[in-house]
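Q: I would like to learn how to read features from a model such as this one. Please take them one at a time, with the general idea before the case.

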Amino acid sequence: MHRRGVGAGAIAKKKLAEAKYKERGTVLAEDQLNQMSKQLDMFKTNLEEFASKHKQEIRKNPEFRVQFQDMCATIGVDPLASGKGFWSEMLGVGDFYYELGVQIIEVCLALRHRNGGLIMLEELHQQVLKGRGKFAQDVSQDDLIRAIKKLKALGTGFGIIPVGGTYLIQSVPAELNMDHTVVLQLAEEHLLKEGLAWLDLQAAGEAHYWLPALFTDLYSQEITAEEAREALP
Amino acid sequence: MAMSFEWPWQYRFPPFFTLQPNVDTRQKQLAAWCSLVLSFCRLHKQSSMTVMEAQESPLFNNVKLQRKLPVESIQIVLEELRKKGNLEWLDKNKSSFLIMWRRPEEWGKLIYQWGSRLSERSFCGYLKSCGLVVRRVSRSGQNNSVFTLYELTSGEDTEGEEFHGLDEATLLRALQALQQEHKAEIITLGDGRGVKFF
């Protein structure tokens with residue numbers, strides 16, 4: 001009987017075929033990579049042109065800023081990266097968030113003795129705007145969240161905790177973080193069971209809990225859904 | 001489109017558009033939804049709707065808030081309204097419904113009261129104009145007045161009455177309710193229909 005495919009000869013043949021396929025595979029991948037790389041470069045150049053043309057708009061307009069950031073994110077550009085380079089020099093966007101970060105720290109330090117290092121995003125926003133004065137650039141809650149994320153990356157002990165449909169900003173040292181977040185989340189479930197909190201399944205990301213009592217106190221009739229949504233990064 | 005409809009605070013409360021798991025909270029939520037549906041339809045003079053229309057209507061879809069009540073929950077709200085007597089399905093598939101911000105029995109009562117007042121007034125008025133003194137003996141006197149459906153909803157004599165402008169479907173159900181109580185009879189009058197009050 002003669003069985004095919006088995007035996008030293010067949011095995012050697014198979015190995016040779018495999019090697020040939022591998023080589024071909026590498027060649028193909030390189031081609032694709034080169035193409036993609038060229039496209040990405042072109043995109044980056046276009047984005048840089050766009051950025052310099054609309055520099056003023058980016059600095060002045062918080063909504064515009066958000067959209068611009070999203071564009072950058074899709075091609076892996078971080079305009080807030082510290083250090084020299086096109087982005088920080090050309091736009092000064094890094095400066096904007098750096099300064100904002102400093103203001104946030106100032107507010108949190110000033111109020112820490114009162115609130116133990118926990119402050120609602122809305123209150124932080126109000127305090128920051130107060131500190132900036134009438135003639136400063138407009139700052140949105142999205143800007144605050146981005147600045148705080150930068151602060152977190154620098155290891156300054158800042159935390160962002162989702163609560164009641166918005167965010168609680170924590171400015172105490174990192175070692176005390178975990179317990180607080182777990183407790184807050186358990187509290188939400190408990191409040192739901194007690195009928196004090198309502199469940200919202202249509203918010204972006206995880207389920208949100210809302211406290212009607214706080215809702216009517218904190219929010220005046222004037223506050224629109226727009227402002228509520230700005231709290232989400 | 002009616003002017004300045006006042007949305008209740010719940011309409012701007014995002015979780016209002018999620019059916020609540022807590023039973024007590026859900027009861028409050030459904031009550032608020034029922035109330036909202038009825039006042040919305042009343043102000044917009046909407047007496048019937050399809051479920052598809054309802055899904056896209058600002059009533060259940062708050063675009064600004066980016067929240068909409070899912071269709072299963074809409075069905076639950078509609079069922080609550082049906083149980084309360086404010087809603088009637090117009091087809092077997094439950095795809096369209098009649099919505100009545102006042103139950104047919106309530107409308108019936110209002111219409112019957114008006115009917116009694118009017119005929120009594122005009123009869124007594126006639127007698128008085130003849131120089132007779134009229135003393136009312138009993139409230140449930142002879143009535144037997146006849147009106148066309150049109151007169152009831154669009155006649156001069158009903159201007160200022162709450163049921164003026166009422167849609168025919170709801171009016172018919174109101175009169176049917178009176179018929180059941182033996183207070184009225186729906187009759188044919190020429191081309192259309194009318195009602196005789198007893």
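Q: Which residues have the most contacts inside the largest nonpolar core?
A: In soluble globular proteins, nonpolar side chains tend to be buried together. A nonpolar core here is a set of buried Ala, Val, Leu, Ile, Met, Phe, Trp, Tyr and Cys residues joined through side-chain atoms within 4.5 Å. Buried means under 20% relative accessible area, exposed over 50%, and partly exposed in between, with a 1.4 Å probe and protein chains only. The largest core has 31 residues, and those with the most contacts inside it are Trp33(B), Val37(B), Phe60(B), Leu78(B), Leu81(B), Phe97(B) and Ile99(B). In chain B, helix H1 (23-43), helix H2 (51-56), helix H3 (71-84), strand S4 (87-89) and strand S5 (96-99) each supply at least two residues of this core. H1(B) gives the largest share, nine residues. Apart from this core lies another, of 21 residues, including Leu121(A), Ala147(A), Phe158(A) and Tyr167(A).

Q: What conventions stand behind these names and values?
A: The model is predicted: local features need pLDDT of at least 70, side-chain atom pairs count only at pLDDT 80 or more, and totals for chains, interfaces and linings use all residues. Residues are numbered from 1 along each chain as its sequence is written, chains are lettered from A and ligands numbered from 1 in the order in which they are written, and side-chain values use heavy atoms, with hydrogens and water left out.

Q: Which residues does Leu81(B) touch, leaving out those up to four places away in sequence?
A: Contact means heavy atoms within 4.5 Å. With that exclusion, Leu81(B) touches Cys34(B), Val37(B), Leu38(B), Asn86(B), Leu87(B) and Ile99(B).

Q: How many helices and strands does chain B have?
A: Helices (H or I, at least four residues) and strands (E, at least two) are DSSP runs, numbered from the N terminus. Chain B has six helices and eight strands, in the order α-β-α-β-β-α-β-β-α-β-α-α-β-β from the N terminus on. Of the 198 residues in chain B, 41% are buried. Among contacts in chain B with a separation of 6 or more, 55% join residues 24 or more positions apart.

Q: Why is the pair of Trp7(B) and Tyr11(B) assigned to its class?
A: A pair of aromatic rings is described by the distance of the centres and the angle of the planes. Rings of Phe, Tyr and Trp (its six-membered ring) pair if their centres lie within 6.5 Å; planes under 30 degrees apart count as stacked, over 60 as edge-to-face and the rest as tilted. The whole structure holds 18 aromatic pairs over all chains. The ring centres of Trp7(B) and Tyr11(B) are 3.7 Å apart and the planes are at 10 degrees, so this pair is stacked. Trp7(B) is partly exposed at 23% relative accessibility, whereas Tyr11(B) is buried at 6%. Trp9(B) and Phe13(B) form a tilted pair, with 5.4 Å between centres and 55 degrees between planes. Trp9(B) is partly exposed at 36%, and Phe13(B) is buried at 0%.

Q: How much area is buried between chain B and chain A?
A: The size of an interface is often given as the accessible area lost when the parts come together. Buried area is the accessible area (1.4 Å probe) that two parts lose on being put together, summed over both. For chain B and chain A the value is about 1700 Å², and carbon and sulfur atoms give 61% of it. Phe13(B), Lys64(B) and Arg67(B) lose the most area on the chain B side, together 29% of what that side buries. In terms of contacts, 19 residues of chain B meet 20 residues of chain A.

Q: Where is Gln66(B) found, and what is its phi?
A: Most residues other than glycine have a negative phi, and most peptide bonds are trans. Gln66(B) has a positive phi, near 60 degrees, and is found in the loop between strand S2 (61-62) and strand S3 (67-68) of chain B. Lys94(B) also has a positive phi, near 55 degrees, and its place is in the loop between S4 and S5 of chain B. Gln66(B) is partly exposed at 48% relative accessibility, and Lys94(B) is partly exposed at 39%.
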